[in-house]
Amino acid sequence: PAASLSIDGVYSVITAGISDTSGNSSPPSDASLFTLDTKAPGEGTLVPKPVVVVKEGPAINGVENADGIQINVVPPSGTVVGDIITVTVTRPDSTTFVVTQAVVAEDLLSPGGATITLPAQSVQSGADYLVSATVTDAAGNVSASSIPPSALQTDPSVPTPFSFDTVGPTTPTLTSAEASSGPNILNATEK
């Protein structure tokens with residue numbers, strides 16, 4: 001019964017057998033172990049959600065996007081090697097795309113967490129995007145959605161924003177307000 005499996009952990013099934021209505025019984029099965037895991041990474045811990053940082057953000061230009069956009073995801077407590085980080089990017093039209101990556105030991109040791117690269121062709125210039133992340137463990141439990149650094153003390157449900165823009169400012173026109181001797185000519189008292 002499900003009520004007897006209320007605590008996460010390793011359980012063993014000693015043996016099992018089957019009997020039919022005629023009284024015939026199968027031989028007993030071999031003993032077996034299984035793990036009950038009902039907690040998502042971060043659940044019930046001091047770091048319950050991933051933290052997302054857009055390394056080049058919040059405004060990204062064409063040079064920075066040439067090799068893709070690097071997203072740092074600091075996994076929540078309880079994340080282990082092999083768990084899957086899912087980064088979801090929401091486009092301006094509310095469609096999304098997803099990038100996934102398995103957690104490796106370095107991701108858990110680095111203060112910056114895992115670096116996940118959004119492909120350069122995945123974003124369009126002149127647009128604003130939202131990024132969020134979750135971590136899924138081997139049992140399929142999914143963490144709460146990420147916390148953007150700017151919202152740690154305010155609204156932890158807001159995804160991390162960034163914008164991508166490849167259009168530079170217009171070329172400035174230089175003029176001299178003091179040029180009384182003619183356009184772009186300064187006399188000895190004006191310089």
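Val13 is partly exposed, with a relative accessible area of 35%. Here, buried means under 20% relative accessible area, exposed means over 50%, and partly exposed lies in between (1.4 Å probe, protein chains only). The model is a predicted one, in which local features need pLDDT of at least 70 and side-chain atom pairs count only at pLDDT 80 or more, whereas totals for chains, interfaces and linings use all residues. Residues are numbered from 1 along each chain as its sequence is written, and side-chain values use heavy atoms, with hydrogens and water left out.

Val13 belongs to strand β1, residues 9–13. Helices (H or I, at least four residues) and strands (E, at least two) are DSSP runs, numbered from the N terminus. Together with Leu5 and Phe34, Val13 makes a nonpolar surface patch of about 200 Å². Patches are made of residues with over 30% relative accessible area and no salt bridge; like charges are joined within 9 Å, and nonpolar side chains (Val, Leu, Ile, Met, Phe, Trp, Tyr) within 5 Å. A salt bridge is a side-chain nitrogen of Lys or Arg within 4 Å of a carboxyl oxygen of Asp or Glu. Areas come from the Shrake-Rupley method with a 1.4 Å probe; for residues, only the protein chains shown count as cover.

Ala31 sits in the loop between β1 and β2, the latter spanning 32–36. Ala31 is exposed, at 61% relative accessible area. Its C-alpha atom is 7.1 Å from that of Ser12, across 19 residues of chain.

The chain as a whole holds 2 helices and 10 strands. Their order along the sequence is β-β-β-β-α-β-β-β-α-β-β-β. Of its 191 residues, 29% count as buried. The accessible surface comes to about 11,800 Å², and 59% of this belongs to carbon and sulfur atoms. Among contacts with a separation of 6 or more, 61% join residues 24 or more positions apart. Contact means heavy atoms within 4.5 Å.

The largest nonpolar core contains 21 residues, of which Ile69, Ile71, Val73, Ile85, Val87, Val89 and Leu118 touch the most other members. Six strands each supply at least two residues of this core: β3 (51–54), β5 (69–74), β6 (84–90), β7 (96–102), β8 (114–118) and β9 (127–136). Strand β9 gives the largest share, 5 residues. A nonpolar core is a set of buried Ala, Val, Leu, Ile, Met, Phe, Trp, Tyr and Cys residues joined through side-chain atoms within 4.5 Å.

Ile84 is found in strand β6. This residue is partly exposed, with a relative accessible area of 33%. Ile84 and Val135 are 51 residues apart in sequence, yet their C-alpha atoms are 5.5 Å apart. Beyond residues up to four places away in sequence, Ile84 touches Thr100, Gln101 and Ala102, as well as Thr134, Val135 and Thr136.

Thr134 and Val135 are also touched by Ser143, along with Ala40, Pro41, Pro50 and Pro76, again leaving out residues up to four places away in sequence. Ser143 lies in the loop between β9 and β10 (160–164). The residue is buried, with a relative accessible area of 6%.

The loop between β6 and β7 holds Ser94. Phi of Ser94 is near 75°, a positive value in a residue other than glycine. At 58% relative accessibility, Ser94 counts as exposed.

Two residues of the loop between β8 and β9 were examined, Ala120 and Ser122. Ala120 is partly exposed, at 24% relative accessible area. Its C-alpha atom lies 6.6 Å from that of Ile69, a residue 51 positions away in sequence. Apart from neighbours within four places in sequence, Ala120 is in contact with Asn65, Ala66 and Gly68. Ser122 counts as buried, at 14% relative accessibility. A polar atom of the Ser122 side chain lies 2.4 Å from the backbone oxygen of Pro119. Ser122 also touches Arg91 and Phe97, not counting residues up to four places away in sequence.

Methods. A polar contact is a pair of N or O atoms within 3.5 Å; within protein, one must be able to donate a hydrogen and the other to accept it, and residues adjacent in sequence count only if both atoms are side-chain atoms.
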